[in-house]
Amino acid sequence: MSDQLYAEPGRDLAVATRADVVVVGGGPAGFSAAVAAARQGAKVCLVERYPYLGGLASGGMVLVLDDMCAGSEITVRGICGELVERMRARGHAVYPPEGERGHDPAMFRKWSRWGLFDFNTRTKPHPICYAVAFDPDGWKRASDDMVAEAGIELRLHSLFAGSIVKDGRTVGVITESKAGRQAIMGDIVIDTTGDLDVAASAGARFSEGAYMVTTVFRLGGVNTDEAERFQFEEPARHAVLDLEARRVIGGSWDYWWLKTPLPGIVWCNCPHMTGLDGMKVEDLTRAEFEGRKRIHAMVDHVRAKLPGFADCYVVDVAPQTGVRQTRMLEGEYVVTKPDITERVHFPDSIARGRDYYTPYRALLPVGVDQLLVAGRHYSATPQAQKISREIPPCMAMGEAAGIAAAMALSAGTTVRNVDVAALQKRLRDQGADPGDKAPVWAEAAE
């Protein structure tokens with residue numbers, strides 16, 4: 001023992017539970033993986049460190065689902081689509097009807113402040129598309145229902161502490177909670193932590209990247225009708241005052257505030273802060289302090305200056321810091337930026353995003369068996385991840401991972417040897433779009 005090192009004494013750990021499939025991380029990808037595996041008959045344990053499901057969707061309050069259509073074609077369906085419809089039935093989700101999508105200035109005025117437009121197009125105004133604005137507690141409620149209906153053993157308030165690896169394959173994980181340090185054993189483990197915690201602990205290869213982080217917040221008391229009127233009827237003055245507000249917050253998207261299903265409450269996906277490492281406690285702590293400082297400076301500013309915001313107030317700041325990129329798997333295939341931008345189609349595609357595809361190989365670590373990875377930490381270069389990390393495609397990855405795990409168990413094989421064609425068919429039978437059918441432009445490229 002020294003001033004810099006402490007030798008932790010060895011100890012035997014109680015086994016808290018055993019499952020066929022252990023999913024670590026209850027965010028969008030992990031929730032989808034757990035539900036998909038359980039619906040295929042697997043006994044599933046879902047482990048989550050926070051007291052709710054949803055990850056960056058609910059706890060991080062990333063309150064628009066996008067990157068889920070290519071033009072008029074909806075590319076992410078399955079469990080993601082089911083969750084959307086459950087939220088919508090309760091008034092917790094909003095999306096434009098099919099007849100109001102496309103290039104129409106009137107529809108842009110109606111829907112743009114919901115964030116439901118295709119920001120990837122160069123045309124202005126951007127076309128309205130299938131995208132979804134939702135309420136964070138609505139997400140939690142709908143996902144709670146789906147997890148309970150699937151018979152999943154859910155363990156909230158449980159921190160991942162380490163992987164259990166035997167003879168080159170994962171056989172469980174170690175967690176920390178108020179109950180102490182415990183083991184959870186499983187035949188297959190799915191890493192949906194967002195930061196590759198499980199795979200890195202198991203010895204899988206990975207790369208590291210960094211992107212901006214955000215302390216997302218919501219404002220109440222906003223007169224959105226007046227704010228929208230000001231934007232569209234006084235565009236020159238609006239441009240000046242809106243730019244001032246964005247300078248005060250110190251970094252944001254052009255549309256720094258968006259409407260939510262709750263009247264008078266808007267969400268603000270800012271401030272954007274760079275130079276911080278989402279894997280460092282010191283940097284995450286700094287982000288919280290700096291974020292709140294900027295938030296309250298902006299609120300003071302817009303109350304005094306911006307029409308529609310005179311009576312606004314902070315409703316809440318997201319309990320999860322908006323970390324976009326940390327560790328990324330270096331799997332059997334590493335997706336590159338050209339793969340995304342040139343819309344490369346893969347024969348083993350198991351998930352789609354806007355107009356790009358994810359191969360099954362990008363979920364498979366090299367050298368570690370019975371472990372799958374799904375979510376923003378999938379096998380991709382940092383440049384590719386930045387443009388393919390949105391919530392819906394991550395959910396599609398999770399759904400594929402969950403079904404693949406159940407198929408491997410049923411066939412008595414490893415996840416590495418799953419019949420991908422059969423997996424693609426199973427996904428399509430479940431209402432998902434694995435991207436197995438290459439469009440005409442992709443066939444020409446191949």
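Colleague: Which residues lie nearest the centre of the second largest pocket?

Modeller: This is a predicted model in which local features need pLDDT of at least 70 and side-chain atom pairs count only at pLDDT 80 or more, whereas totals for chains, interfaces and linings use all residues. Residues are numbered from 1 along each chain as its sequence is written, and side-chain values use heavy atoms, without hydrogens and water. On a 1 Å grid over the protein atoms alone, a pocket is an open set of points with protein on both sides within 12 Å along at least five of seven lines, a cavity is a set where a 1.4 Å probe fits but cannot get out, and lining residues have an atom within 4 Å of a point. The second largest pocket is lined by 14 residues, and those nearest its centre are Gly71, Ser72, Arg101, Ile128 and Cys129.

Colleague: How many charged residues does the lining of the second largest pocket have?

Modeller: Asp, Glu, Lys and Arg count as charged; Ala, Val, Leu, Ile, Met, Phe, Trp, Tyr, Cys and Pro as nonpolar; and the others, Gly among them, as polar. The lining of this pocket has six nonpolar and four polar residues, and its charged residues number four.

Colleague: How much space lies in the largest cavity?

Modeller: Three cavities of 30 Å³ or more are counted. Residues lining the largest cavity include Asp66, Phe117, Tyr130 and Arg354, and by class the lining has seven nonpolar, one polar and four charged residues. With grid points joined across faces, edges and corners, and volume taken as the space filled by probe spheres set on the points, the space in the largest cavity is about 80 Å³.

Colleague: Which element gives the largest share of the lining of the second largest cavity?

Modeller: About 60 Å³ of space lies in this cavity, and its lining has nine nonpolar, no polar and three charged residues. Helices (H or I, at least four residues) and strands (E, at least two) are DSSP runs numbered from the N terminus. At least two lining residues each come from strand 21 (349-352) and helix 12. The largest share, three residues, comes from helix 12.

Colleague: Are helix 12 and helix 13 roughly parallel or oblique to each other?

Modeller: Axes are lines fitted to C-alpha atoms, for helices over the stretch in contact, with angles from 0 to 180 degrees between N-to-C directions. Angles under 35 degrees count as roughly parallel, over 145 as roughly antiparallel, 65 to 115 as roughly perpendicular and the rest as oblique. The axes of helix 12 (residues 391-411) and helix 13 (residues 420-429) come within 10 Å and cross at roughly 120°. The two helices are therefore oblique.

Colleague: Which residues of helix 3 make the contact with helix 1?

Modeller: The axes of helix 1 (residues 28-39) and helix 3 (residues 78-89) come within 10 Å and cross at roughly 105°, so these helices are roughly perpendicular to each other. In their contact (heavy atoms within 4.5 Å), Phe31, Ser32, Val35, Ala36 and Arg39 of helix 1 meet, from helix 3, Ile79, Glu82, Leu83 and Arg86.

Colleague: What omega does the cis peptide bond from Cys270 to Pro271 have?

Modeller: Most peptide bonds are trans. The bond from Lys124 to Pro125 is cis, with omega near -5°. Pro271 lies in the loop between strand 16 (266-268) and strand 17 (272-273), and the cis bond from Cys270 to Pro271 has omega near 5°.

Colleague: What is the phi of Leu196?

Modeller: Most residues other than glycine have a negative phi. Leu196 is found in the loop between strand 11 (180-191) and helix 6 (197-202). Although Leu196 is not a glycine, its phi is positive, at about 65°.
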